[in-house]
Amino acid sequence: MREVFTLAGYEYQKIFKRRSTWIALFLVLLWTLFSVFGVVFGDFYMEGEKVASHYQMAQMEREALEHLEIKELNQKFFQKQKEDLKAFSKEYRGLLFGEKAPGRRAEGWKKYYEYYAPYDNLGTLLAMMDNQIGGIEMEEAGEKDFYQYRDIMLEKVFEGEKLSDGEIDFHRKENEKIKTPYAYGNMIGYDNVFRMITPNCIFLAFAAAIILAPMFAGEYTSNMDALVLSSRFGKNRLIIAKLLTGISFGLFSSLCFLGIFLLEIQTIYGLSGWNLPVQVCVSGIYLTLPITLLELLGIAVGCCTIAICMTAVAVMFCSARMKSPFGVVIVSFAFISAPIFLVSMVADYRILFMIVNSLPTSMMYPAGAASHQLVSVGNHYFYFFQWVPVVYLCLMTGLSWWSYRIFRNHQAR
Amino acid sequence: MELIFDRVTKQYKNKIAVDRVSFSLKKGVYGLLGANGAGKTTLMRMMCGVLKPDSGEIFYDNIKVEEEAYRDILGYLPQEFGYYPDFTAMDFLMYLASLKGIPKKLAREKAVKLLELAELSHVAKKKIKTFSGGMKQRLGIAQSLLNDPKVLVLDEPTAGLDPKERVKFRNLISKLGNDRIVLLSTHIVSDVEHIADVILVMKDGSIIRKGSLGEIIKVIDGKVWECTVDGRAAEKLMEKYLPLNIRQEQDGTFLRLVCEEKPAEPAVNMDATLEDLYLYYFSGAEQEGREV
């Protein structure tokens, strides 16, 4: 085994000696930084007057949600929302829209945001429900209405998704397990994580394709195949080392970039609402999973990581099979990007949807990994994030074995 | 120590690259001589286990070439020597040493020695992409010796070396041949002439001659002639016999020919060389139906 690790070390050397590796990783890093910090650059204007920077607004919302008086979505919370918004209208609305507004809009906006920030996310949730079921009086909604609207919305969603009776029953039971009224607090960090984790991981998958494409194919094009295959460990330990390098690269790079990403999110938005139910954030309102935001984050990170590892194995398989790294990159890019377009096209075809939604890129979407379509085995139902990793582990083993055989039996001509 | 080829065959689509070749190699230096496409490289690749024969077997002391134990005693310099452009010479040797299962400490000592032998010590830490063709070839030779191989296969090892380097290389190979099997192929006939204990002549996928220089040259012994004749006579002679050398001189055309009988009055019988034999076999004299 020591030889395998030594050889894996050399495979890493080969990877990091290539300029393309550094360029690809630099671009991913740039994207990871921009995806979070980029959003808070710039200012917000009203009637041509700068009222706040995006950064200030994010900080005010964070501050407001972290210091809520009422930390539950109960009747008192809805009542306070109405009172606060009424108080703002009475005392400060003029600073934004009245005759006194010009020159004082920044002050007015600050006041507005102080009042409005704790309820911004709630407004979005109600708007999403209204979008599905319609006719919601958002300003009048109270605790009971909120949970009732959500139940109606879920039924509509189940119907739209053509779920089986068993699946619907399962989701209803799951939904009942969620403690109401929902605990409430700072969910904006998690909301941003769930929105941005997908493009970040897709970028990383593209980079992994560029970096790992030469794993085997590079030996063919550099004419090193004959030399390595005629060496003692060329047909066994070297191949294991290559596969180990590819998979560990997928694992470490995803953990590293996700770590950087979470650090950025923590810096700007905070991740203090870890124990809130997922249903309080925009990405989780449709879910029936009775889990916390931290648990969903764990699922998302786990799914993204294994999806990148799966992509890495698929890229290495192509690399062993094809003769040029360029061809491998083309095929890998198609493999990574196809689900982005296909998933909505096949939504009405159950089997196709199950296949497309289980592809690595689809698994990078938290909503995709926890989507309502389930796989049933006996009386048990399994979410994508539960059964797909098992399938991936089997596929990774199978494809690794196949790649091993292809390279071992490669004929140097 | 014996490497046996047992009815080894390899076919590429319609072309039989190696045709039921059977022979054995024992300790010593073997020179594989043949024209382009004769099947030398295919034979060597099969010998190194990187190309599978369609039929037949190759084994060394009952170890099949597919086995790790065989690769452990094998040193190979492929015809197209590949390398990683961004590796330094030292990194490259250390990497190949780890592929050959040599412990790190010993590998470093060996790499230093071999770089010295290949006169590459001064560029040990330079990237291979900055090397000249000759330097790369010397690095290739150095890597083939890393595991002190019992079977050393060198495909065109002198390509890209200057005459001084070639002489040095020849001496090195001669020394190595004392306790191992060395098989080398080259187009440079003089290299084989100087190094090889046994010469194998390969043509159309078959070994058509095997023996020492003296033994295989016997085929054309007493058949090599030199003469200087006028232009018209030279043309006639060249049509009839296989010319080995043609040179325009002040008093006529100088010819070196292969033929059974004295081709012209002024012709003088000469000692045959390996180059004569090579040209005899590979210039197509037989196919063209010229007299010998």
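Predicted model: local features only at pLDDT ≥ 70, side-chain atom pairs only at ≥ 80, totals over all residues.
Chain B holds 11 helices and 14 strands, and its C-alpha trace spans about 70 × 45 × 35 Å along the principal axes.

**An open sheet in chain B**

- In chain B, 4 strands form an open sheet with antiparallel pairing, and their order is β2-β1-β4-β5.
- Because β2 (15-26) and β5 (63-64) of chain B stand at the edges and each has a single partner strand, one side of each is left without a neighbour in the sheet.
- Strands of a sheet pair through backbone hydrogen bonds, and this pairing may be either parallel or antiparallel.
- Strand β4 of chain B, which covers residues 55-60, pairs with β5(B) in the antiparallel sense over 2 bridges, and B:Tyr60 stands opposite B:Ile63 in β5(B).
- Helix α1 of chain B, made of residues 40-47, lies across β1 (2-12), β2 and β4 of chain B, and it runs at about 55° to β2(B).

**Nonpolar cores**

- The largest nonpolar core has 200 residues, and those with the most contacts inside it are A:Ala208 and B:Leu93.
- Helix α14 of chain A, residues 293-321, gives the largest share of this core, with 21 residues.
- When its neighbours within four places in sequence are left aside, B:Leu93 is in contact with B:Ala111, B:Leu114, B:Leu115, B:Ala142, B:Gln143 and B:Leu146.
- Another core, of 7 residues, lies apart from the largest one, and among its residues are A:Leu95, A:Leu96, A:Tyr112 and A:Tyr115.

**Helix α2 of chain A**

- Helix α2 of chain A, residues 19-40, has 22 residues and reaches 32 Å from its first C-alpha to its last, which is close to the 32 Å expected at 1.5 Å a residue.
- At A:Phe34, α2(A) bends by about 40°, and just after the helix A:Gly42 takes a positive phi of about 90°.
- The buried residues in α2(A) are A:Ala24, A:Leu25, A:Val28, A:Trp31, A:Thr32 and A:Val36.
- An α-helix has 3.6 residues a turn, so residues three or four places apart point the same way.

Methods: Residues numbered from 1 in each chain as written. Chains lettered and ligands numbered in written order. Pairing = 2+ DSSP bridges. Contact = placed C-beta atoms within 7 Å. Axes fitted to C-alpha atoms, helices over the stretch in contact; angles between N-to-C directions. Core = buried A, V, L, I, M, F, W, Y, C linked by C-beta atoms within 7 Å. Buried ≥ 20, exposed ≤ 12 C-beta atoms within 10 Å, placed from the backbone. Expected span 1.5 Å × (residues − 1). Bend = angle between axes of the 7 residues up to and from the residue.
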